[in-house]
Every structure is written in C-alpha cells, then in structure tokens.
Amino acid sequence: MGRHRLTGRAQRADGDARALEMALSLKQALSLREALVAEKTPPPEVELIPWHLGPEHADTEAALRGYLGMGLDAIRWIQAPAAADAMAPLRASLALPAARDVRNSQARLALCGMRAEQGEGTGMLPMALAEQLGWAWVPGVVAIERIETIERCEGDEEAGGKENAQPRAIVLQALPQGQRRRLAVTLPAILGVDSAAPAARQSAFGPARRGQLRLVESGEELVLDPAVEQWPLTPARARPKRLKIVTATNARDRFKAAAAKAEKSGGRVLENVSAAEGAAAILSMLEAEGVLSTDGARNDQPEDPQGNGR
C-alpha cells in the first residue's frame, strides 16, 4: 500500500502495481503460448495469487481495491500490526504448495516492488525472504521475456528423467545509465520490479467493487517488535537541490549553463575481475566518498603476535 506524494491519500504502491502488471502480462502470455502449442485447445490455467500483509486502517480497503481494479478476482490479506515481523507469515505462505497446478511442478515465481512506500522502506524484506526460502533473488527487473525448461543432460544418470528438468526465467535487469542485462534465473525465485518497468494499467471501478479481500491466517505466530512502536515516523520530503552559480555575462551563456546536464564521471564497470580486485575497487570508492578513513582501511592481514603472519 502506498501514499500519494502530495495529498497523503492511501493508494496502490507504484512498485507493487508494476509488479502486478508484469504478473498479469506474463499470465496472459503463458496462456496464449500453451494454447497455440496444444492446437488451439482451451488454455491451461496459470494461477496468480496476490498477497498483502499489513494492518487494517480506515483507508486500507480503498487502497487494496486499486489492485483489484486491474483485473483480479481476490487478494489474500494477512492482517498483522504495523510492528509485526512480516518474515514468518510470508515465508509460510510462499512455502505452501499451489492450490491448482496443472503441471505438478514446484516452480514458483514471486514478484514485488523494490521497497515499500510506508514504514521503514529499506528494501531488505524480499532479499531476506529469498535467503530463508532458498530461492533466487534478482533486483531491478524490468521485463520477463520467457519461461523455459532446462532439459536434463543425456549423460547424467542421476537426473532421473524429465521430471527433474529445472524451469528458469529469462529476465531483463535494469542497470545504471539506462543499460540492460539479460539474466537466466532458475526457479523458484523472487523478482524485484524496477521503476523502469512498464507502468501499471488503470484501475477500473467495476472490477474493484466486485473483487474480494479474503482474510487468511498464515499459521505462524506474529512476533511484535516493541522498538518499532516507539519510532517517530514522518513523511519523507525531497530535499532542495543546490543551484549552480552561473557567472556568464550574457543571456545566451547563462541559458546554456542552466540547461546543461551534469556530467557523471568517476564510475567504472568491473567485468571478469577477481574477488580481491573487486574488493579493492569497493574500498577505493568508500574512501573517496568519505565513508571509510584512509588510515587502516587498506591494511593487509593482521600479523600474528608470535610472528607467523596469520
């Protein structure tokens, strides 16, 4: 659930809405592809299960119905206080087998925004959730190109047949300065949808009213964090940017200086480097930004008191 930047009114979160748009487009593409392969028979059902975890407020239902208006029949809602740890309920929900799975496959694909628009908003929840589930985690996804199956190798005698074939997703990841990278992700996986992904469709009033908000139990005991209840939360505001002082003498030069884009420099793209070279580059960047002091930041391994050098 998100908040409008100006009015503060509850609405659907932009990142989660883009993730839902990607899921709806993927479901439609998979259904059409399977229908063509099966000689135009009725397409198999691809199950899409939206989840929401959070407290109940006066405007929560109105915000969630913004997602229902995108074409959903229902949203599963786990009601939990704002100070509750969301890790255990979500882990239990994703670990359950699918209710209807025509392929009898355990492959799962979870889509979410990069960070919440309320509360802490650290963006660590999907990363920690993927680690606990043992799933892959890919941030900054802007498109899912296709879902395919990796067949077993012919010389692998321990594979046990086609039922051990591993599905994977071919995704497009956003990189800085408009670059893109194509990745092959073995399923199950959690994908964090970037803000550069296609915008979500408009929410229709009729489907939003007809959709259902189903209250479900996660089966896990909610753990409350007493420190979170004492945190003072204030709306985030954009800080004003310092304007560049222009010392040009005529109007033409002043206009060119004001309209010129700031040139970015100092960045490097590291490819095919060792772990030591990558660590050295990270330390150099942290020292240049003033995060680490130069004294002792690059010390080699500490010497052993007995002189062994370990």
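Axes are lines fitted to C-alpha atoms, for helices over the stretch in contact, and the angles between N-to-C directions run from 0 to 180 degrees. Helices (H or I, at least four residues) and strands (E, at least two) are DSSP runs numbered from the N terminus. The model is predicted, so that local features need pLDDT of at least 70 and side-chain atom pairs count only at pLDDT 80 or more, while totals for chains, interfaces and linings use all residues. Residues are numbered from 1 along each chain as its sequence is written, and side-chain values use heavy atoms, with hydrogens and water left out.

The axes of helix α3 (residues 87-95) and helix α4 (residues 125-133) come within 10 Å and cross at roughly 55°. The two helices are therefore oblique to each other, given that angles under 35 degrees count as roughly parallel, over 145 as roughly antiparallel, 65 to 115 as roughly perpendicular and the rest as oblique. Contact (heavy atoms within 4.5 Å) is made by Met 87, Leu 90, Arg 91, Leu 94 and Ala 95 of α3 and by Leu 125, Ala 128, Leu 129, Gln 132 and Leu 133 of α4.

Of the 9 residues of α3, 7 are buried, so this helix is largely enclosed by the rest of the structure; buried means under 20% relative accessible area, exposed over 50% and partly exposed in between (1.4 Å probe, protein chains only). The buried residues are Met 87, Ala 88, Pro 89, Leu 90, Ala 92, Ser 93 and Leu 94, and they pack against β3 (51-54), β4 (74-79) and α4.

In helix α2 (residues 60-68) lies Arg 65, which is buried, with a relative accessible area of 11%.
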